[in-house]
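Reader: I have a protein model to go through. Can you take me through it in plain words?

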Protein chains: 2
Amino acid sequence: MKSIRITFTLLAIALASQTLAHAQDPLPSWNDGPAKQAIVDFVRATTETGGAKFVPPEERIATFDQDGTLWVEHPIYSQVMYCLDRVPVLVKEKPELKNVEPFKTVLSGDLEAIAKLPLPELEKILVATLSGMTTEQFQAEAKKWLASAKDHRWKRPYTELTYQPMQEVLKYLRANDYKTYIVTGGGQDFVRVYSEEVYGIPPEQVVGSAGATKYGYDKEGKPILTKEPRFLLNDNNAGKPEGIHLMIGRRPYAAFGNSTGDRQMLEYTKAGDGARLSMLVLHDDAEREYAYGPAQGLPNTKVGTFTQALYDEAKKDGWIVISMKKDWKRIFAFEN
Amino acid sequence: MKSIRITFTLLAIALASQTLAHAQDPLPSWNDGPAKQAIVDFVRATTETGGAKFVPPEERIATFDQDGTLWVEHPIYSQVMYCLDRVPVLVKEKPELKNVEPFKTVLSGDLEAIAKLPLPELEKILVATLSGMTTEQFQAEAKKWLASAKDHRWKRPYTELTYQPMQEVLKYLRANDYKTYIVTGGGQDFVRVYSEEVYGIPPEQVVGSAGATKYGYDKEGKPILTKEPRFLLNDNNAGKPEGIHLMIGRRPYAAFGNSTGDRQMLEYTKAGDGARLSMLVLHDDAEREYAYGPAQGLPNTKVGTFTQALYDEAKKDGWIVISMKKDWKRIFAFEN
């Protein structure tokens with residue numbers, strides 16, 4: 001009887017300490033190493049009351065690129081897939097586009113030809129499929145598409161292809177009073193449709209490439225905002241710190257990216273006073289996700305260019321490079 | 001002895017109930033009446049769990065115009081005063097402007113002539129004094145000016161000329177999980193300098209007229225953002241709902257304004273589903289503040305036009321007009 005009780009007690013202690021160990025590790029999907037350590041050290045330094053690098057809660061801002069940093073971007077941005085999928089609907093509304101390039105190629109379904117469309121042609125598709133409707137119509141359409149569209153490799157909704165280690169970073173920072181923002185080259189209106197559900201980030205904390213809207217009234221005289229084919233903010237490269245100033249008005253203390261499009265955001269963040277954290281996700285895991293980019297001697301792709309120059313700047317300026325292969329225990333939540 | 005104890009007990013009860021009464025009235029500077037009642041009813045309806053008009057906390061957005069709604073705008077916007085005060089500094093840096101209009105008139109100090117400057121000339125002054133420096137230089141300059149500049153009538157810093165009843169509305173809404181935003185035709189960068197200290201509203205919750213910035217590097221290679229003489233967002237009239245969509249991405253549940261520049265914001269807010277509150281401050285108190293605007297048969301001024309058409313739309317669409325004279329017990333905190 002006594003030995004049973006002791007066994008139970010030991011078991012209870014063991015379980016309790018295991019739970020405790022888990023509770024103490026805010027980043028369970030990360031392997032121990034310099035990347036994980038840098039995140040934990042940064043949070044400790046900036047939140048320790050009375051510490052030399054303490055940051056008041058209201059100033060705690062962290063910004064995250066989305067495509068390739070928070071979720072899969074290879075082989076093609078999911079928003080571009082959305083725009084391509086919208087072309088048949090668009091042509092139904094405007095039949096005169098049927099024999100006009102680039103719509104003709106998209107309608108042909110010839111994936112190789114579609115992949116070869118040059119950027120200006122692709123932009124025509126983006127503009128045509130992302131404007132000309134009210135903001136509410138767009139939200140409804142994007143929501144519907146996201147609920148049914150699936151990635152070709154994992155056969156899962158795009159919204160499931162977020163990186164579990166990065167989800168843990170978002171939660172860990174928020175638990176320490178950081179306001180987490182998405183700062184994406186992707187469309188602001190598109191990302192806002194799912195950011196709260198997928199990342200716990202409300203629409204007002206999504207900064208992205210944005211088109212103008214035009215205020216007016218529908219047939220019943222009800223106010224509407226119509227999406228216009230006119231760029232307000234190209235939230236890539238220098239547009240990222242410019243967009244951060246416009247939409248947030250404070251310099252971030254931490255920033256995460258994965259490509260040359262994030263370079264200026266990481267520079268701008270790191271150049272602030274006190275403890276600042278700039279991190280870059282390196283796609284070096286061909287088996288569990290993808291490996292691409294010149295910094296690894298691999299061919300460049302249409303998405304997320306990670307050049308040798310970016311790698312060199314990271315090393316020189318003290319940004320931390322995250323190796324998906326070495327630093328992440330698992331990539332997706334569904335792998336559990 | 002016993003009577004003393006009873007007296008003490010009664011006194012304690014009296015004090016406690018007084019405290020309680022005060023705690024129960026979130027709007028002590030408001031007189032009882034339809035305006036105060038509308039605010040209290042709106043908050044109750046949207047926060048009562050299980051109620052038909054309940055709004056989830058994350059969707060609780062309230063937007064406030066600034067000039068004339070949260071603080072004094074008459075006879076001239078304080079930001080315009082800032083720009084006029086900057087002209088001598090600007091001319092010292094660029095002596096070639098000394099004999100060029102409108103700078104020459106401003107330097108003359110002839111207040112009547114300055115007041116008569118037409119809008120395009122005034123805009124030249126705004127552009128010249130609000131661009132061409134880094135965002136950090138601008139913040140430092142504006143902060144310094146705000147600390148010393150004083151209003152001509154009350155001889156107090158502009159930041160003390162906020163309306164106490166509106167400060168109470170801001171706090172009351174925030175206590176009920178509303179996120180409060182300033183949506184101003186004034187300069188976003190200018191208002192952000194003091195919004196947190198003056199209104200408890202962080203810079204990222206200030207939407208205003210905004211110029212572009214340009215990312216670059218200073219002589220030491222440090223990243224900087226330079227304020228450009230190019231408009232990104234004119235946050236007046238239709239620009240208000242457009243700016244709300246750009247910067248917040250959700251329709252407000254409550255909006256407060258005081259002029260035709262706020263019309264579209266109030267329409268857009270009121271057109272949403274469920275309980276929505278649109279309110280207009282009417283400047284009808286010549287004694288304690290100012291009285292102006294065609295809706296009262298008074299001459300129009302350079303600031304905050306309140307037309308008869310606006311008044312009619314308010315009545316027709318169920319917006320609530322706040323009479324400064326009748327609805328506000330006091331105007332400023334320093335009147336206490």
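Author: What follows is a short walk through the chains, their contacts and some of their side chains.

Author: This is a predicted model, in which local features need pLDDT of at least 70 and side-chain atom pairs count only at pLDDT 80 or more, while totals for chains, interfaces and linings use all residues. Residues are numbered from 1 along each chain as its sequence is written, chains are lettered from A and ligands numbered from 1 in the order in which they are written, and side-chain values use heavy atoms, with hydrogens and water left out.

Reader: OK. How many helices and strands does chain A come to?

Author: Chain A comes to 14 helices and seven strands. Both are DSSP runs numbered from the N terminus: helices are H or I with at least four residues, strands are E with at least two. The C-alpha trace of chain A spans about 85 × 50 × 50 Å along its principal axes.

Reader: And how much of chain A is buried?

Author: Of the 336 residues in chain A, 53% are buried. Buried means under 20% relative accessible area, exposed means over 50%, and partly exposed is in between, with a 1.4 Å probe and protein chains only.

Reader: Now the two chains. How many residues of chain B are in contact with chain A?

Author: On chain B there are 39, and they are in contact with 39 residues of chain A. Contact means heavy atoms within 4.5 Å. The two chains bury about 3300 Å² between them, with 51% of it on carbon and sulfur atoms. That buried area is the accessible area (1.4 Å probe) that two parts lose on being put together, summed over both.

Reader: How many salt bridges go across that interface?

Author: The rule finds eight between chain B and chain A. A salt bridge is a side-chain nitrogen of Lys or Arg within 4 Å of a carboxyl oxygen of Asp or Glu. Over all chains the count comes to 34 salt bridges.

Reader: Why would such side chains pair?

Author: Side chains of opposite charge can pair when their charged atoms come close.

Reader: Which side chain does Glu204(A) meet in a salt bridge?

Author: Glu204(A) meets Arg250(B), at 3.0 Å from N to O. The pair crosses between chains: Glu204(A) is in the loop between helix 10 (195-199) and strand 3 (206-217) of chain A, and Arg250(B) is in the loop between helix 11 and strand 5 (254-257) of chain B. Glu204(A) is buried at 7% relative accessibility, and Arg250(B) is buried at 12%.

Reader: What about Arg250(A)?

Author: Arg250(A) has a salt bridge with Glu196(B), at 3.1 Å from N to O.

Reader: And within a chain, which side chain does Asp285(B) meet?

Author: Asp285(B) meets Arg288(B) in a salt bridge of 2.7 Å, N to O. Asp285(B) is buried, with a relative accessible area of 3%, whereas Arg288(B) is partly exposed at 22%. Elsewhere, salt bridges that share partners join Lys179(A), Arg250(A), Glu196(B) and Glu204(B) into one network.

Reader: What about Trp154(B) and Tyr290(B)?

Author: Their ring centres are 5.9 Å apart and their planes are at 85 degrees, so the pair is edge-to-face. Trp154(B) is buried at 17% relative accessibility, and Tyr290(B) is buried at 15%.

Reader: Last one. Where does Asp67(A) lie?

Author: Asp67(A) lies in the loop between strand 1 (61-64) and helix 3 (78-93) of chain A. Asp67(A) is buried, at 11% relative accessibility. Leaving aside neighbours within four places in sequence, Asp67(A) is in contact with Glu73(A), Tyr77(A), Thr184(A) and Asn258(A).

Technical notes:
Rings of Phe, Tyr and Trp (its six-membered ring) pair if their centres lie within 6.5 Å; planes under 30 degrees apart count as stacked, over 60 as edge-to-face and the rest as tilted.
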